[in-house]
Amino acid sequence: MSQLEELERLRETALERLRQVSTSEELEAWRIAYFGKKGAVTQALKAIGSLPPEERPEYGRVSNEVKLALQAAYEAKEREVREAELARALQARAVDVTLPGRPPAAGRLHPTTQTLRQIAHIFAQMGFQVYLARDVELDLYNFELLNIPPHHPARDMWDTFYTTREGVLLRTHTSPGQIHAMREHAPEPLRVILPGRCHRYEQVTARSESMFYQVEGLAVGRHITMADLKGTMVNFARQMFGPDRRVRFRCSYFPFTEPSVEVDMDCILCGGKGCRLCKGTGWLEIAGAGMVHPTVLQNGGYDPRVFSGFAFGMGPERIAMLRHRIEDIRYFYTNDLRFLQQF
Ligand code: 2NL
């Protein structure tokens with residue numbers, strides 16, 4: 001066989017073998033077999049040196065043609081293999097974009113937050129604005145300005161978390177915030193509710209936590225009477241617990257109100273006959289309240305000869321416990337989803 005025929009055979013077999021290549025590994029093996037250092041095409045090009053001079057031009061031309069043709073075929077095959085392999089990879093790790101997504105777990109408002117919002121809504125209708133105040137307070141605001149002097153026996157009503165800084169404590173009730181509110185607004189009349197966390201250094205039981213919320217209300221104006229307090233409390237009880245609720249006011253004592261009362265409503269379970277929930281009394285306590293003590297009005301910046309006011313305080317956890325028949329306050333802040341997801 002002549003040298004030129006051999007070149008022709010080389011071209012045919014190389015193209016035939018290239019046609020059978022389908023992976024990048026096979027393609028690389030083909031490239032080494034033909035274009036590697038000892039590859040068939042490389043050898044064929046080198047062979048020109050051993051030919052008689054008169055055959056060299058023709059051989060050179062044809063061998064160069066074969067080389068270019070195989071190179072072009074190789075490049076075309078390389079594109080084909082790359083595309084095929086990409087298609088296979090996409091097929092293997094297919095993502096079905098038409099599948100519906102996984103729904104994110106929907107959160108919800110904490111039962112205390114829900115209750116705080118209902119309370120705020122009811123009082124908003126009666127003209128009360130929400131006032132927010134700090135959790136860390138001065139003894140001055142938490143006690144002294146509320147008519148509770150140092151060493152006064154009334155201090156025993158609040159077991160207090162003190163900080164290491166003299167005179168700085170965690171508020172035991174939201175009342176100090178009312179002093180801030182009064183001082184901000186005096187001598188203008190005022191109607192605010194003040195929700196927030198309070199802290200007491202107490203034994204934790206089914207009925208009391210060391211951290212809990214309070215909502216206090218305060219109305220200060222020129223002709224405010226006990227009748228305004230009673231109407232406000234009755235309206236609240238009926239909006240929160242049903243339009244037929246009866247409300248009663250019992251004598252009580254707070255250092256910052258005079259007179260002071262406890263606000264009760266008829267039992268939502270037995271309607272007043274007496275049961276386990278109301279401990280046989282027929283009544284449930286929902287708030288403490290009273291007419292703002294003149295000294296406290298004065299400390300808030302109001303002249304007690306001109307201004308009067310009423311105030312009340314309630315525990316939103318207790319309100320929520322009554323509404324939802326929750327038997328233990330500790331459920332509120334233990335973060336057990338089995339509890340929280342019921343609301
Ligand atoms: C309760 C009782 C009460 C107040 C809070 C108050 C605030 C000022 C002046 C007068 Cl600045 N009073 N607050 C009054 C009566 C009762 O809370 O049992 N809370 C859970």
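Modeller: Helices (H or I, at least four residues) and strands (E, at least two) are taken as DSSP runs and numbered from the N terminus. This is a predicted model, in which local features need pLDDT of at least 70 and side-chain atom pairs count only at pLDDT 80 or more, while totals for chains, interfaces and linings use all residues. Residues are numbered from 1 along each chain as its sequence is written, and side-chain values use heavy atoms, with hydrogens and water left out.

Along the principal axes, the C-alpha atoms fill a box of roughly 130 × 50 × 35 Å. Buried means under 20% relative accessible area, exposed over 50%, and partly exposed in between (1.4 Å probe, protein chains only), and 42% of the 343 residues count as buried. With contact meaning heavy atoms within 4.5 Å, 66% of the contacts between residues at least 6 apart in sequence join residues at least 24 apart.

The expected span of a helix is 1.5 Å times one less than its number of residues, so the 37 residues of H4 should span 54 Å, and its end C-alpha atoms, 53 Å apart, agree with that. The buried residues of H4 are Tyr59, Val62, Ser63, Val66, Leu70, Tyr74, Lys77 and Val81. What covers them includes helix H1 (3-20), helix H2 (24-35) and helix H3 (40-46).

Now to the part you asked about. Asp139 belongs to helix H6 (residues 139-142), and it counts as buried because its relative accessibility is 11%. Beyond its neighbours within four places in sequence, Asp139 is in contact with Glu144, Arg155, Tyr162, Gly167 and Leu169.

Asn147 lies in the loop between H6 and S3, and His151 is placed in the loop between H6 and S3 too. Most residues other than glycine have a negative phi, and most peptide bonds are trans. Asn147, however, has a positive phi of about 70° although it is not a glycine, and His151, likewise not a glycine, has a positive phi of about 70°.

Glu166 sits in the loop between H6 and strand S3 (168-170), and at 79% relative accessibility it counts as exposed. Glu166 and Leu138 are 28 residues apart in sequence, yet their C-alpha atoms are 8.9 Å apart in space.

One joins Ala186 and Pro187, with omega about 5°, and Pro187 is in the loop between helix H7 (175-185) and strand S4 (190-199). Another runs from Glu258 to Pro259, with omega near 0°, and Pro259 lies in strand S7 (residues 257-266).
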